[in-house]
Amino acid sequence: MRELMDWNYEHEPAPSQPFALGQWYERRGRLHKALSCFKAAALDLPVQGHHPAGQATPSELWMHYGRIQAKLNRAAEADQAFRQALLLGGGDILPALQEWAALLHKNKWSDSEIYERFRSEDVLQLVPPQAAGEALMYIGAYAEAARCYDSVPALTGGDRIRHIQCLILCRRLEDAVSLILQWLQGQDASPSLLTSEESSFANHALLLCQWRLHGIVPEPAGDSAPSFRQQMANTAIALGMLAEAEQLLQREGRSGELLLIQLLYEEGYFKSALERLQHIHLSSSELTHCEAARIQMIRAELLYDQHLYAEGASAFKLLRLQSPHLMLAKYGEAACCLQASLSSLSARIEKLCSSPAAQEQVVRYMECIHSALHVLESSGWHTSWTPGQLRRETAPRQAACLN
């Protein structure tokens with residue numbers, strides 16, 4: 001198992017600077033120690049004025065402090081920490097709003113309640129509506145996010161894209177079409193020109209809305225057709241238009257099916273991705289190609305998430321042997337092995353009632369495994385999703401009528 005990991009976490013020296021030390025403890029799952037370090041570092045730094053290079057700002061420190069409190073299920077303390085980060089301002093306003101919104105969502109606040117909380121808090125008088133909109137979009141509160149964007153007469157850059165996304169995701173298609181046309185024709189209040197990325201998104205979103213509303217199927221011609229369909233499918237999945245994406249990629253055969261599975265999974269449509277994945281067989285030779293390797297990685301991650309660690313380890317091992325350069329496969333295999341060891345030790349400790357010394361030894365070993373898992377988690381080996389993406393499968397769906 002040690003050969004699967006590229007570091008020796010037990011012998012990595014602990015840093016002396018409080019913030020770095022807090023991160024060191026957090027990677028090892030020692031959350032109470034990390035909490036003390038982040039709080040000490042936050043209290044030691046001046047609220048205003050010069051901050052030493054390489055050190056976190058006070059708002060960033062309170063952000064980390066709030067995250068740890070949230071991980072420890074201390075909602076009230078986390079709430080206050082995120083509020084403090086917002087009061088301190090700086091470049092951490094949006095992350096603090098996102099973390100705060102995610103905390104409230106996790107604690108069963110409805111989207112409308114979170115929106116009203118944002119509006120009623122005095123601290124949010126300093127926050128632009130776009131930031132509140134992006135934070136609400138982060139947790140999947142698209143209708144409320146759209147209301148924030150609606151209140152801004154001249155959105156620019158990514159905010160315009162997010163506004164259109166929210167309108168489409170909450171089924172305000174006519175409003176989205178009107179906004180896109182104003183944007184493309186230069187009739188909106190924004191003085192900035194469209195970038196190539198913005199123009200591409202706007203045109204694809206417009207075609208998809210017209211398809212959904214009027215049955216006008218986009219029909220690209222020539223050699224660029226496959227690329228066009230793939231780009232359109234990518235936009236369609238991001239806008240929740242799964243039926244359109246499926247129809248676009250049907251013409252691309254096996255490569256289209258593999259791309260569809262990847263897009264579905266990465267946007268949080270796990271059940272839909274899994275249903276399609278069950279009908280896909282990948283040969284060992286295919287795993288040297290990026291497309292197939294990504295699909296195998298998704299298959300292995302899904303096994304891991306279903307607690308099928310033996311099967312997951314085998315899937316990761318096959319990928320690791322065929323693509324030795326893919327470090328994420330090594331980390332995934334190690335995580336499966338560690339989780340299997342934890343399950344085995346948990347079962348074993350229940351049988352050691354008469355031996356306190358043996359129980360203590362097993363508990364220490366389990367603590368080491370937990371630390372190793374936290375180190376692996378910090379590597380980002382597993383696909384991650386926003387709270388909004390994690391709501392994809394549970395959100396109410398509207399039937400799509402395609403011609």
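A search of the whole structure, which is a predicted model, finds 1 cavity of 30 Å³ or more. Here a cavity is a set of points, on a 1 Å grid over the protein atoms alone, where a 1.4 Å probe fits but cannot get out. A pocket is an open set with protein on both sides within 12 Å along at least five of seven lines, and lining residues have an atom within 4 Å of a point. Grid points are joined across faces, edges and corners, and a volume is the space filled by probe spheres set on the points.

The largest cavity holds about 60 Å³ of space. Its lining consists of Trp211, Val217, Pro218, Glu219, Pro220, Arg229, Gln247, Leu248 and Arg251. In the largest pocket the space is about 1100 Å³. That pocket is lined by 26 residues, and Lys71, Tyr138, Glu377, Ser384 and Trp385 lie nearest its centre.

The linings are set out by class below; Ala, Val, Leu, Ile, Met, Phe, Trp, Tyr, Cys and Pro count as nonpolar, Asp, Glu, Lys and Arg as charged, and the others, Gly among them, as polar.

| Site | Volume | Lining by class |
|---|---|---|
| Largest pocket | about 1100 Å³ | 12 nonpolar, 8 polar and 6 charged residues |
| Largest cavity | about 60 Å³ | 5 nonpolar, 1 polar and 3 charged residues |

At least two residues of the pocket lining come from each of helices H3 (58-71), H5 (93-106), H18 (327-349), H19 (356-378) and H20 (387-390). Helices are DSSP runs of H or I with at least four residues, numbered from the N terminus.

The structure also holds 10 aromatic pairs, that is, rings of Phe, Tyr and Trp (its six-membered ring) with centres within 6.5 Å; planes under 30 degrees apart count as stacked, over 60 as edge-to-face and the rest as tilted. One of the pairs is edge-to-face between Tyr265 and Trp385, at 5.3 Å centre to centre and 85° between the planes. This pair links distant parts of the chain, with Tyr265 in helix H14 (residues 253-266) and Trp385 in the loop between H19 and H20, 120 residues apart. Tyr265 is buried (under 20% relative accessible area, with a 1.4 Å probe and protein chains only), at 0%. Trp385 also counts as buried, at 18%.

Tyr304 and Tyr309 form another edge-to-face pair, with 5.5 Å between centres and 65° between planes.

Residues are numbered from 1 along each chain as its sequence is written, and side-chain values use heavy atoms, with hydrogens and water left out. Local features need pLDDT of at least 70 and side-chain atom pairs count only at pLDDT 80 or more, while totals for chains, interfaces and linings use all residues.

Conventions:
Buried means under 20% relative accessible area, exposed over 50%, partly exposed in between (1.4 Å probe, protein chains only).
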